[in-house]
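User: I am new to this structure and would like to learn how its features are read, one at a time. Could you take me through a few of them, giving the general idea and then the case at hand?

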Amino acid sequence: GRILEGTGSLVLDRHARLAFACRSPRTTEEAVRDWSEAMGFTPVLFTATMDGTLEGDPVYHTNVVMSIGEGFAVVCFNAIPFPAERQELKEELTRAGKEVIAISLEQMHNYVGNMLELHATTSTAIGLSSPGHSFIFLSSNAFNALGPEQRLALQAHAQLVPVDIPTIEQVGGGSVRCMLAENFLPLRS
(Lines give C-alpha, C1' and ligand atoms only; values in the text may rest on other atoms or scores of the structure.)
Protein backbone atom coordinates (compact mmCIF):
# COMPACT_ATOMS: atom_id res chain seq x y z
CA GLY A 1 0.00 0.00 0.00
CA ARG A 2 3.00 2.33 -0.05
CA ILE A 3 3.47 3.82 -3.49
CA LEU A 4 6.12 6.17 -4.87
CA GLU A 5 5.88 5.92 -8.63
CA GLY A 6 9.04 6.89 -10.44
CA THR A 7 10.67 10.29 -10.67
CA GLY A 8 7.38 12.12 -11.26
CA SER A 9 6.20 11.55 -7.70
CA LEU A 10 8.97 13.67 -6.20
CA VAL A 11 10.28 17.08 -7.17
CA LEU A 12 13.56 17.56 -5.33
CA ASP A 13 15.48 20.57 -4.18
CA ARG A 14 18.81 18.79 -3.78
CA HIS A 15 20.60 21.80 -2.28
CA ALA A 16 18.01 22.43 0.45
CA ARG A 17 17.35 18.66 0.81
CA LEU A 18 13.59 19.11 0.34
CA ALA A 19 11.35 16.48 -1.29
CA PHE A 20 8.11 17.99 -2.61
CA ALA A 21 5.25 15.56 -3.23
CA CYS A 22 1.55 15.82 -3.87
CA ARG A 23 -0.51 12.99 -2.44
CA SER A 24 -2.19 10.82 -5.07
CA PRO A 25 -2.98 7.19 -5.85
CA ARG A 26 0.58 7.09 -7.31
CA THR A 27 2.25 8.82 -4.33
CA THR A 28 1.40 7.89 -0.75
CA GLU A 29 2.49 9.97 2.21
CA GLU A 30 4.01 6.96 3.99
CA ALA A 31 6.25 6.13 1.01
CA VAL A 32 7.37 9.75 0.68
CA ARG A 33 8.24 9.90 4.38
CA ASP A 34 10.13 6.57 4.20
CA TRP A 35 12.10 7.69 1.13
CA SER A 36 12.86 11.09 2.67
CA GLU A 37 14.13 9.56 5.90
CA ALA A 38 16.33 7.07 4.04
CA MET A 39 17.79 9.75 1.75
CA GLY A 40 18.15 12.58 4.29
CA PHE A 41 15.49 14.88 2.82
CA THR A 42 12.68 16.79 4.51
CA PRO A 43 9.32 15.93 2.94
CA VAL A 44 6.94 18.72 1.92
CA LEU A 45 3.59 17.08 1.20
CA PHE A 46 0.51 18.74 -0.21
CA THR A 47 -2.75 18.01 -1.99
CA ALA A 48 -3.23 19.06 -5.61
CA THR A 49 -6.13 18.43 -7.96
CA MET A 50 -6.52 18.86 -11.70
CA ASP A 51 -9.13 21.62 -11.21
CA GLY A 52 -7.99 23.00 -7.83
CA THR A 53 -11.11 21.89 -5.95
CA LEU A 54 -11.41 19.34 -3.15
CA GLU A 55 -13.68 17.26 -5.38
CA GLY A 56 -11.31 17.31 -8.36
CA ASP A 57 -9.22 14.41 -9.60
CA PRO A 58 -5.84 14.30 -7.87
CA VAL A 59 -2.81 15.48 -9.80
CA TYR A 60 -1.18 12.14 -10.59
CA HIS A 61 2.47 13.28 -10.29
CA THR A 62 4.09 16.21 -8.52
CA ASN A 63 6.04 17.16 -11.65
CA VAL A 64 2.74 18.13 -13.29
CA VAL A 65 2.14 20.90 -10.76
CA MET A 66 5.69 22.12 -10.13
CA SER A 67 9.31 22.24 -11.22
CA ILE A 68 12.39 23.35 -9.32
CA GLY A 69 15.60 24.72 -10.77
CA GLU A 70 18.67 26.02 -9.00
CA GLY A 71 17.26 29.50 -8.49
CA PHE A 72 13.59 29.21 -9.39
CA ALA A 73 10.44 27.21 -8.75
CA VAL A 74 7.46 27.04 -11.10
CA VAL A 75 4.26 26.15 -9.21
CA CYS A 76 0.54 25.99 -9.93
CA PHE A 77 -0.79 27.17 -6.56
CA ASN A 78 -4.33 27.19 -8.04
CA ALA A 79 -4.20 23.37 -8.12
CA ILE A 80 -3.79 23.25 -4.33
CA PRO A 81 -7.22 23.46 -2.68
CA PHE A 82 -5.98 24.05 0.89
CA PRO A 83 -4.80 27.65 1.53
CA ALA A 84 -2.51 26.54 4.40
CA GLU A 85 -0.72 24.07 2.10
CA ARG A 86 -0.32 26.75 -0.60
CA GLN A 87 1.21 29.07 1.98
CA GLU A 88 3.52 26.39 3.41
CA LEU A 89 4.73 25.45 -0.08
CA LYS A 90 5.46 29.06 -0.97
CA GLU A 91 7.28 29.65 2.33
CA GLU A 92 9.45 26.53 1.91
CA LEU A 93 10.43 27.57 -1.61
CA THR A 94 11.18 31.15 -0.56
CA ARG A 95 13.20 29.95 2.44
CA ALA A 96 15.18 27.74 0.04
CA GLY A 97 16.07 30.86 -1.97
CA LYS A 98 13.90 30.16 -5.01
CA GLU A 99 12.26 32.80 -7.16
CA VAL A 100 8.68 31.52 -7.18
CA ILE A 101 6.96 31.75 -10.56
CA ALA A 102 3.25 31.01 -10.29
CA ILE A 103 1.42 29.39 -13.19
CA SER A 104 -2.31 28.98 -13.85
CA LEU A 105 -4.36 25.79 -14.05
CA GLU A 106 -4.53 26.22 -17.82
CA GLN A 107 -0.74 26.49 -17.97
CA MET A 108 -0.42 23.40 -15.77
CA HIS A 109 -2.61 21.50 -18.25
CA ASN A 110 -0.24 22.69 -20.99
CA TYR A 111 2.70 21.08 -19.10
CA VAL A 112 4.37 24.30 -17.97
CA GLY A 113 5.10 22.62 -14.62
CA ASN A 114 6.89 19.75 -16.37
CA MET A 115 10.21 21.38 -17.23
CA LEU A 116 13.74 20.50 -16.16
CA GLU A 117 16.87 22.60 -15.73
CA LEU A 118 20.03 20.91 -16.98
CA HIS A 119 23.68 21.98 -17.09
CA ALA A 120 26.14 21.54 -19.95
CA THR A 121 29.29 19.73 -18.87
CA THR A 122 31.20 20.01 -22.14
CA SER A 123 31.44 22.65 -24.84
CA THR A 124 29.70 20.38 -27.32
CA ALA A 125 26.89 19.29 -25.02
CA ILE A 126 23.64 19.71 -26.98
CA GLY A 127 25.38 22.20 -29.26
CA LEU A 128 23.90 25.20 -27.46
CA SER A 129 26.61 26.84 -25.38
CA SER A 130 29.73 26.53 -23.26
CA PRO A 131 30.39 24.29 -20.24
CA GLY A 132 28.59 25.29 -17.07
CA HIS A 133 25.75 27.00 -18.91
CA SER A 134 22.23 26.13 -17.73
CA PHE A 135 19.26 25.22 -19.89
CA ILE A 136 15.58 24.80 -19.09
CA PHE A 137 14.05 22.14 -21.28
CA LEU A 138 10.28 22.35 -21.79
CA SER A 139 7.85 21.39 -24.49
CA SER A 140 6.94 23.81 -27.27
CA ASN A 141 3.39 23.62 -25.92
CA ALA A 142 4.59 24.74 -22.47
CA PHE A 143 6.82 27.45 -23.97
CA ASN A 144 3.88 28.87 -25.94
CA ALA A 145 1.70 28.83 -22.80
CA LEU A 146 4.15 31.01 -20.83
CA GLY A 147 3.36 34.68 -20.44
CA PRO A 148 6.04 37.27 -21.34
CA GLU A 149 6.88 38.02 -17.68
CA GLN A 150 7.21 34.31 -16.92
CA ARG A 151 9.55 33.80 -19.88
CA LEU A 152 11.72 36.70 -18.77
CA ALA A 153 11.83 35.38 -15.20
CA LEU A 154 12.90 31.93 -16.37
CA GLN A 155 15.41 33.30 -18.89
CA ALA A 156 17.11 35.17 -16.04
CA HIS A 157 18.03 31.71 -14.67
CA ALA A 158 18.82 29.71 -17.80
CA GLN A 159 18.35 29.49 -21.55
CA LEU A 160 14.91 28.15 -22.51
CA VAL A 161 14.98 25.20 -24.90
CA PRO A 162 11.51 24.34 -26.25
CA VAL A 163 11.13 20.85 -27.71
CA ASP A 164 8.27 19.84 -30.01
CA ILE A 165 6.75 16.65 -28.50
CA PRO A 166 2.98 16.74 -29.17
CA THR A 167 2.57 12.95 -29.33
CA ILE A 168 4.14 12.42 -25.91
CA GLU A 169 1.86 15.06 -24.40
CA GLN A 170 -1.34 14.06 -26.21
CA VAL A 171 -0.99 10.28 -26.03
CA GLY A 172 1.60 9.61 -23.34
CA GLY A 173 0.21 11.97 -20.70
CA GLY A 174 3.61 13.43 -19.84
CA SER A 175 6.08 15.98 -21.09
CA VAL A 176 9.77 16.87 -21.18
CA ARG A 177 10.68 16.15 -17.55
CA CYS A 178 9.03 12.73 -17.83
CA MET A 179 11.36 11.91 -20.74
CA LEU A 180 14.59 12.92 -18.98
CA ALA A 181 16.40 11.47 -16.00
CA GLU A 182 18.53 13.45 -13.60
CA ASN A 183 21.96 11.90 -13.23
CA PHE A 184 24.06 13.01 -10.28
CA LEU A 185 26.68 10.29 -10.50
CA PRO A 186 30.34 11.27 -10.84
CA LEU A 187 31.93 10.85 -14.28
CA ARG A 188 34.05 7.75 -14.70
CA SER A 189 37.38 7.97 -16.46
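**Reading helices, contacts and salt bridges**

Analyst: Before starting, please keep in mind that this is a predicted model.

User: Which residues of helix α1 are buried, and why do they line one face of the helix?

Analyst: The general idea is that an α-helix has 3.6 residues a turn, so residues three or four places apart point the same way. In helix α1, which covers residues 29–39, the buried residues are Ala31, Val32 and Ser36. Glu37 and Ala38, by contrast, are exposed and sit on the face of α1 turned away from its buried side.

User: What covers the buried residues of α1?

Analyst: The cover includes two strands, β2 (18–23) and β3 (42–47).

User: How many residues does helix α3 have, and what does its span from end to end look like?

Analyst: Helix α3, residues 83–95, has 13 residues, and the distance from its first C-alpha to its last is 18 Å, which is close to the 18 Å expected at 1.5 Å a residue. After α3 comes glycine 97, with a positive phi near 85°.

User: Which residues of α3 are buried, and which exposed residues does the face turned away from them carry?

Analyst: The buried residues in α3 are Glu85, Leu89, Glu92 and Leu93. Around the axis they cover an arc of only 95°, so they lie on the same side of α3. The face turned away from that buried side carries Pro83, Ala84 and Arg95, which are exposed. As for the cover over the buried residues of α3, it includes β2, β3, β4 (66–68), β5 (72–75) and β6 (99–102).

User: How many salt bridges does the structure hold, and what does the pair of glutamate 5 and arginine 26 tie together?

Analyst: The structure holds seven salt bridges. In one of them, glutamate 5 pairs with arginine 26, and the closest N and O atoms are 3.4 Å apart. Glutamate 5 lies in the segment before β1 (11–13), while arginine 26 lies in the loop between β2 and α1, so the pair ties together parts that are 21 residues apart in sequence. Glutamate 5 is partly exposed, with a relative accessible area of 34%, and arginine 26 is also partly exposed, at 36% relative accessibility.

User: Are aspartate 13 and lysine 98 buried or exposed?

Analyst: Aspartate 13 is buried, at 3% relative accessibility, and lysine 98 is buried as well, at 8%. These two residues form a salt bridge in which the closest N and O atoms are 3.5 Å apart. Since aspartate 13 lies in strand β1 and lysine 98 in the loop between α3 and β6, the pair ties together parts that are 85 residues apart in sequence.

User: Which residues are linked in a network of salt bridges?

Analyst: The network links Arg23, Glu29, Arg33 and Glu85. Within it, the side chains of arginine 23 and glutamate 29 meet in a salt bridge at 2.9 Å, N to O. Arginine 23 is partly exposed at 27% relative accessibility, and glutamate 29 is partly exposed with a relative accessible area of 26%.

User: Where is glycine 173, and what is it in contact with, leaving aside its neighbours within four places in sequence?

Analyst: Glycine 173 sits in the loop between α7 (166–172) and α8. With those neighbours left aside, glycine 173 is in contact with Tyr60, Tyr111 and Ile168. Ile168 also belongs, together with Met179 and Leu180, to a nonpolar patch on the surface, whose accessible area is about 240 Å² together.

Terms used
Residues numbered from 1 in each chain as written. Predicted model: local features only at pLDDT ≥ 70, side-chain atom pairs only at ≥ 80, totals over all residues. Heavy atoms only, no water. Buried < 20%, exposed > 50% of the residue type's maximum accessible area, 1.4 Å probe, protein only. Contact = heavy atoms within 4.5 Å. Expected span 1.5 Å × (residues − 1). Arc of directions from axis to C-beta. Patch = residues over 30% accessible without salt bridge, like charges linked within 9 Å, V, L, I, M, F, W, Y side chains within 5 Å. Areas by Shrake-Rupley, 256 points an atom, 1.4 Å probe, with all protein chains shown as cover. Salt bridge = Lys/Arg side-chain N within 4 Å of Asp/Glu carboxyl O.
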